[in-house]
Amino acid sequence: MNAEKRVLIIIPAWNEAASIAAVIAEVRDELPAYDVLVVNDGSTDDTERVALAAGARVVSLPYNLGVGGAMRLGYRYADENDYDVAIQIDADGQHDPRYVPKLIDALDEYRLVIGARFAGEGDYQVRGPRRWAMGLLSRVLSRMAKTPLNDTTSGFRACDREIIRLFAQWYPVEYLGDTVETLVRVIRLGHPVAQIPVAMRPRTAGMPSNSPVKAMIYLGRAMITLLLAVNRR
C-alpha cells in the first residue's frame, strides 16, 4: 500500500520555530516518498519561514484557531489535491515518524488508525485528573467502536481517502474536538477504527502544561466534550 498511495504528512504548528525544522528533516529522511505540509496556525514567531526553509509545503492561517482549525485546513488541502492517505504528526518532536508505515499498513483494513501511547509500547505515563479523563474516554469510545482504544486523545493518526473527504467537509475546532469528537463521528458513521502501539518521545521544544489546576480543567473539558460529542446529531 505504501508504494501505491499518495500520502500527505500534515503537521499543525503554532509558534514551533524552535522544533519544526528538525521535525521536518526527520520526516523527510524517514519518509522521503511522502509530501509534508505544515499548517502554520497563526504563529507569531518564525514558524512559517523556518518550515519553508526546511523544505515543507506551508499553508498559513491568519490567526490562531487551535489544532482543530489547523487540521481542518490540512484535510481540505489533502482532499483538494487528491491524496489517498493523510497522517497527522505533531510539531514538537514527540511523534516518531518510523511508526508511520505501520499506521498506513493498518489502513488496508481500517479507515482511521490511531498511534496509541498506552497500548504496550514505550513508557509514556500520565497521572492524576488527566489519567482519569483519558481512562474514561477510552472506556466509552472502546465500547462504541467495539475494539480497544487506549489513547483516544492521541494526535498521531492516519486516515484514508474517505475520512479525508469527511474531515475536509466537517472538522470541529473546539477543544478536544479534533480527537474525541472526530472519533465519535467516525465510529457512528460505521467506519472501522483501530490503534497501533507507539512510543512517545519527549518534546524537543516548548513547555508541557502539567499543573494541577490545568489538569482539573482538562478533566472537566474532556467530560463536557465527550457528553456533547455523544449527544450531538
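Arg117 counts as buried, at 11% relative accessibility, where buried means under 20% relative accessible area, exposed over 50% and partly exposed in between, for a 1.4 Å probe and protein chains only. The structure is a predicted model, in which local features need pLDDT of at least 70 and side-chain atom pairs count only at pLDDT 80 or more, whereas totals for chains, interfaces and linings use all residues. Residues are numbered from 1 along each chain as its sequence is written, and side-chain values use heavy atoms, with hydrogens and water left out.

The side chain of Arg117 meets that of Asp151 in a salt bridge, at 2.5 Å from N to O, a salt bridge being a side-chain nitrogen of Lys or Arg within 4 Å of a carboxyl oxygen of Asp or Glu. Asp151 is likewise buried, at 2% relative accessibility. This pair links distant parts of the chain, 34 residues apart, with Arg117 in the loop between strand 5 and helix 5 (128-145) and Asp151 in the loop between helix 5 and strand 6 (157-159). Helices (H or I, at least four residues) and strands (E, at least two) are DSSP runs numbered from the N terminus. Salt bridges that share partners also join Glu26, Asp96, Arg98 and Arg201 into one network.

A search of the whole structure finds ten salt bridges. In general, side chains of opposite charge can pair when their charged atoms come close. Among the pairs found, Arg111 and Glu162 form a salt bridge with their closest N and O atoms 3.0 Å apart. Because Arg111 lies in the loop between helix 4 and strand 5 (112-116) while Glu162 belongs to helix 6 (residues 161-169), this pair ties together parts that are 51 residues apart in sequence. Arg111 is partly exposed, at 26% relative accessibility, and Glu162 is also partly exposed, at 35%. Another salt bridge is formed by Asp35 and Arg57, whose closest N and O atoms are 3.5 Å apart. Since Asp35 lies in strand 2 and Arg57 in strand 3 (residues 57-61), the pair ties together parts that are 22 residues apart in sequence. The relative accessible area of Asp35 is 22%, which places this residue in the partly exposed class, and Arg57, at 39% relative accessibility, is partly exposed as well.

Strand 2, which contains Asp35, is mostly covered, with six of its seven residues buried. Strand 2 pairs with strand 1 in the parallel sense over six bridges, two strands being taken to pair if DSSP finds at least two bridges between them. Within this pairing, Asp35 of strand 2 is the bridge partner of Leu8. The chain passes from strand 1 through helix 1 to strand 2 in a right-handed β-α-β crossover, a term applied if, with the strands pointing away from the viewer, the path from the first strand over the helix to the second runs clockwise. Strand 2 and strand 3 run parallel and are joined by five bridges, and the bridge partner of Asn40 in strand 3 is Ser60. The β-α-β crossover that leads from strand 2 through helix 2 to strand 3 is right-handed.

The largest nonpolar core has 32 residues, of which Ile9, Ile11, Ile20, Val38, Ile87 and Val100 touch the most other members; such a core is a set of buried Ala, Val, Leu, Ile, Met, Phe, Trp, Tyr and Cys residues joined through side-chain atoms within 4.5 Å. Two or more residues are given to this core by each of strand 1 (7-13), helix 1 (20-30), strand 2 (35-41), helix 2 (47-53), strand 4 (85-88) and helix 4 (100-106). A second, separate core of 30 residues includes Leu61, Leu137, Leu141 and Leu166. Leaving aside neighbours within four places in sequence, Val38 is in contact (heavy atoms within 4.5 Å) with Ile11, Ala13, Ile20, Ile24, Ala51, Ala56, Arg57, Val58 and Val59.

Ser142 lies in helix 5 and is buried, at 17% relative accessibility. A polar atom of the Ser142 side chain lies 2.6 Å from the backbone oxygen of Ser138. Beyond its neighbours within four places in sequence, Ser142 is in contact with Thr147, Pro148 and Leu149. Helix 7 (residues 177-188) is mostly covered, ten of its twelve residues being buried, among them Val180, Leu183, Val184 and Ile187. Just after helix 7, Gly190 takes a positive phi of about 85°.

Terms used:
A polar contact is a pair of N or O atoms within 3.5 Å; within protein, one must be able to donate a hydrogen and the other to accept it, and residues adjacent in sequence count only if both atoms are side-chain atoms.
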